[in-house]
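Notebook open. I want to look up a helix contact first, then the aromatic rings.

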Number of protein chains: 2
Amino acid sequence: MPNQSGSLDQVFQALADPTRRDMVERLVRGPASVTVLARPYAMSLPAALQHLQVLEASGLVRSAKAGRVRTCRIQPAALRTAESWIARRRAGWERRLDRLGEYLAAQDDQQNEGGTL
Amino acid sequence: MPNQSGSLDQVFQALADPTRRDMVERLVRGPASVTVLARPYAMSLPAALQHLQVLEASGLVRSAKAGRVRTCRIQPAALRTAESWIARRRAGWERRLDRLGEYLAAQDDQQNEGGTL
């Protein structure tokens, strides 16, 4: 998967900005036009469009034009890719912690059997 | 939580680079010294240190010096924060999809009852 790393870079980069996370949050509730998406922010339409371009390039958002209105939609697959990358690492860490716990418990048992404490 | 958004910015930013994700991956398997962490990469020690600084600033990694060796450890809380941000948005999107499915099913029932199709 040669694109996997490139797209993870772009998804995490896209999520590293509060305005873009806010746009994702809005689009999770349903599709929205670019104008509606840009409205809550104290920024120019070109600035909002730039954030949308980053979101589209990452695969988190797709947009399509119908007449004069461009409508944006969330693409959940990109969210899932990023989520599962993190989840696998967290799970790996928790497994290591479990093994450490078992090891310490076994050490404890050995010590108790030896009657040294 | 005034720092919440700032730290999400930094965690996602830290994860937006393949070398830094690789370092996270390595540290999930256990603590490592800076030298060991830097070894697999074709980069200078200062360049590796710069990546580690980004990881530390984001809260994903903590390091401590003992004698001449600086040891790095993963901080799973930051991983969990990023994971749960994404998971909540994905869940929100899936709920919306469920509601849409229910709505369409109800429309279908109404049409069938009306006998129009």
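I looked up which residues of α2(A) meet α4(A): A:T19, A:R20, A:M23 and A:V24 face A:A48, A:H51, A:L52, A:V54 and A:L55. Contact here means heavy atoms within 4.5 Å. I sorted the residues of this contact into 6 nonpolar, 2 polar and 1 charged. Nonpolar covers Ala, Val, Leu, Ile, Met, Phe, Trp, Tyr, Cys and Pro; charged covers Asp, Glu, Lys and Arg; the others, Gly among them, are polar.

Next, the geometry. Helix α2 (residues 18-28) and helix α4 (residues 45-58) of chain A pack at about 70°, axes 10 Å apart. α2(A) and α4(A) are therefore roughly perpendicular (65 to 115 degrees). Axes are lines fitted to C-alpha atoms over the stretch in contact, with angles from 0 to 180 degrees between N-to-C directions. Helices are DSSP runs (H or I, at least four residues), numbered from the N terminus.

The model is predicted: local features need pLDDT of at least 70, side-chain atom pairs 80 or more, while totals for chains, interfaces and linings use all residues. Residues count from 1 along each chain, chains are lettered from A and ligands numbered from 1 as written, and side-chain values use heavy atoms, without hydrogens and water.

Then the rings. I found 3 aromatic pairs over all chains (Phe, Tyr or Trp six-membered ring, centres within 6.5 Å). A:F12 and A:W85 have centres 6.2 Å apart and planes at 75°, so they are edge-to-face (over 60 degrees). A:F12 sits in helix α1 and A:W85 in helix α5 of chain A, 73 residues apart. A:F12 is buried (under 20% relative accessible area) at 0%.

Methods
Rings of Phe, Tyr and Trp (its six-membered ring) pair if their centres lie within 6.5 Å; planes under 30 degrees apart count as stacked, over 60 as edge-to-face and the rest as tilted. Helices (H or I, at least four residues) and strands (E, at least two) are DSSP runs, numbered from the N terminus. Buried means under 20% relative accessible area, exposed over 50%, partly exposed in between (1.4 Å probe, protein chains only). Angles under 35 degrees count as roughly parallel, over 145 as roughly antiparallel, 65 to 115 as roughly perpendicular and the rest as oblique.
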